[in-house]
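Colleague: I would like to learn how to read the features of a model like this one. Please take them one at a time.

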Amino acid sequence: MTVYLLKSSLSLLLLFVFYKVALENERMHTFKRFYLLGSLLFSAVVPLFSVEIAPSVTELVSTLPEQVFVQRLPPVPVLPPTPEATTPPYWLMLYGFVTLVLLGRFGRNLYRLVHQITKSPKQAFRGATLVQLATDTLPYTFWSYLFVPAVAYSRGEIEEELYTHELAHIRQRHSLDVLLIGLLLCLAWFNPLLYWYRRAMQLNHEFLADEAVNEGHRNVPQYQRLLLSKLTPTPLPLLASTLTFQTTKQRLLMMTKHTSRRTVWLAGSFSGLLVGTSVFLFSTTVAQVARPETTSSAPAKIQRPATLAKADTLLQRYGDKLVMLPNNQQKKYADLTPEERKWVWVAPISSRRTPTEAQWADWHNPHKFGIWVDGKRLRGNALNAYKRTDIVAFSGSYVHKNARQPEGYLYQMDLTTEKGYAEEVREHQKSPFIVLMRDKPKPKNSGSKSQK
């Protein structure tokens, strides 16, 4: 989770810096709106992307002897359950508390707007719904509702430019953006970048609404004077779209600004380049899985250990041991037919070997490796409690996407100490894993009888 938040935040920061430097002061407001929305969504999912790279990372797998994986193939590894914490950590309790408070405030603001809509007189107005408020306030909008003071509306004191401005908010559905960033702030309130995004989105909404006014009335100086005459801050609902006076200077300057087509083209091209770069910077790189050479459609031949050919020795050693059959049932080795005993495979114990210095150093990367020692999961810096020479056997496997844990590691390593190895030997002697690799052969004349 920490890696996800870090990558997501860095992506947000990179895209936002580009917006502030290259886009915010350009008159390409529709593109900027979708750039900001896209940056939020892109940064939320880019850490989940997996980009496959050429097989340098697979050195671990390629250096592991094939025998290790053969040993682990038949039995399903039985790992001890991870001990569950009895109480959630304090930081999680704090996060949950603050998030609930913010969600409650978000819901309360929505309720206030709904309450105003249901309790106030309404009427259809130019494709929207006009809500007449008893209080004296500036016009504002939410969803398809335009809120205006009833007295000023009845007297015709609301300027036409203000209607155009607020109706632009409604027609361009700016409330969707406001609700999206509002919900994200409730869930990720600890991320200051989201507050910057909210301010940038609200400012751009005003640019879009101002542009609609100037295109409709074509009298920029008069509209600028109107804005200046309304510079009387009035508290308004947080989820509403309205005239915001903190950014009036930027809005006045933007009305007279011109952006060339060349600038628009360059901004779009660099934005695409930046998004592509972010994919490689903040996605998860995954090594290409080396495919085994025996990938033909024909089933692989079962290579039986030479010692298994000694039927008498096996019968003496494993006669009372259970054998796993292809139908998932079990039978004692002594009860197998001589033909079946030819296809019995006994899982050997791990070969003793100590990891190299490079392997040992590599395994300390928790983003790449999930570590188990003697069947116990290690987290954080717990591997530091062991020395490389403490490990007398090990095996590893690549974790595919559908089996990957939230921690995101790419390989699972099972390490065995001297104590664990002795236990494995005892367990092998007591209950070896024996499997019959194919069904009992059918009689040669069975096929001809069935055709009769």
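Colleague: Which residues does Ala150 touch, not counting residues up to four places away in sequence?

Modeller: A contact means heavy atoms within 4.5 Å. By that rule Ala150 touches Gln132 and Leu133, with residues up to four places away in sequence not counted. Ala150 lies in helix α6, residues 150-155; helices (H or I, at least four residues) and strands (E, at least two) are DSSP runs, numbered from the N terminus. The C-alpha atoms of Ala150 and Asp136 are separated by 7.9 Å, and these two are 14 residues apart along the chain.

Colleague: What should I know about the model before going on?

Modeller: This is a predicted model, in which local features need pLDDT of at least 70 and side-chain atom pairs count only at pLDDT 80 or more, while totals for chains, interfaces and linings use all residues. Residues are numbered from 1 along each chain as its sequence is written, and side-chain values use heavy atoms, with hydrogens and water left out.

Colleague: Is Ala150 buried, partly exposed or exposed?

Modeller: Buried means under 20% relative accessible area, exposed over 50%, and partly exposed in between, with a 1.4 Å probe and protein chains only. Ala150 has a relative accessible area of 23%, so Ala150 is partly exposed. Of the 452 residues of the chain, 38% count as buried.

Colleague: Is Asp177 buried or exposed?

Modeller: Asp177 counts as buried because its relative accessibility is 4%. Asp177 has its place in helix α8, residues 174-187. Its contacts, not counting residues up to four places away in sequence, are Arg33, Leu37, Met201 and His205.

Colleague: Where does Glu24 lie?

Modeller: Glu24 is in the loop between α1 (2-23) and α2 (29-45). Glu24 counts as buried because its relative accessibility is 5%. Leaving aside neighbours within four places in sequence, Glu24 is in contact with Tyr19, Lys32, Leu203, Phe207, Gln250 and Met254. For the chain, 73% of contacts between residues at least 6 apart in sequence join residues at least 24 apart.

Colleague: How many bridges join β11 to strand β14?

Modeller: Two strands pair if DSSP finds at least two bridges between them. Here 5 bridges join β11 to β14 (residues 411-417), and the two run parallel. Trp372 has Asp414 as its bridge partner in β14. β11 also pairs with strand β12 (residues 376-378), in the antiparallel sense and over 3 bridges. There the partner of Ile371 is Leu378. β11 and β12 form a hairpin with 2 residues between the strands, and Asp374 takes a positive phi near 55°.

Colleague: Which residues point one way from β11, and which the other way?

Modeller: In a regular strand the side chains alternate between the two faces of the sheet. In β11, Phe369, Ile371 and Val373 point one way, Gly370 and Trp372 point the other way, and all are buried. Because 5 of the 5 residues of β11 (residues 369-373) are buried, the strand is largely enclosed by the rest of the structure.

Colleague: How do β2 and β3 pair?

Modeller: Strand β2 (residues 122-125) and strand β3 (residues 128-133) pair in the antiparallel sense over 4 bridges. Ala124 has Thr129 as its bridge partner in β3. The strands form a hairpin with 2 residues between them, and Arg126 in the turn has a positive phi of about 50°.

Colleague: How many cavities of 30 Å³ or more does the structure hold?

Modeller: Rolling a probe the size of a water molecule over the atoms shows where empty space is left. On a 1 Å grid over the protein atoms alone, a cavity is a set of points where a 1.4 Å probe fits but cannot get out, and lining residues have an atom within 4 Å of a point. Grid points are joined across faces, edges and corners, and a volume is the space filled by probe spheres set on the points. The structure holds 2 cavities of 30 Å³ or more, and about 60 Å³ of space lies in the largest cavity. The residues that line the largest cavity include Arg27, Phe207, Asp210 and Met254. α9 gives the most to this lining, with 4 residues.

Terms used:
On a 1 Å grid over the protein atoms alone, a cavity is a set of points where a 1.4 Å probe fits but cannot get out, and a pocket is an open set with protein on both sides within 12 Å along at least five of seven lines; lining residues have an atom within 4 Å of a point.
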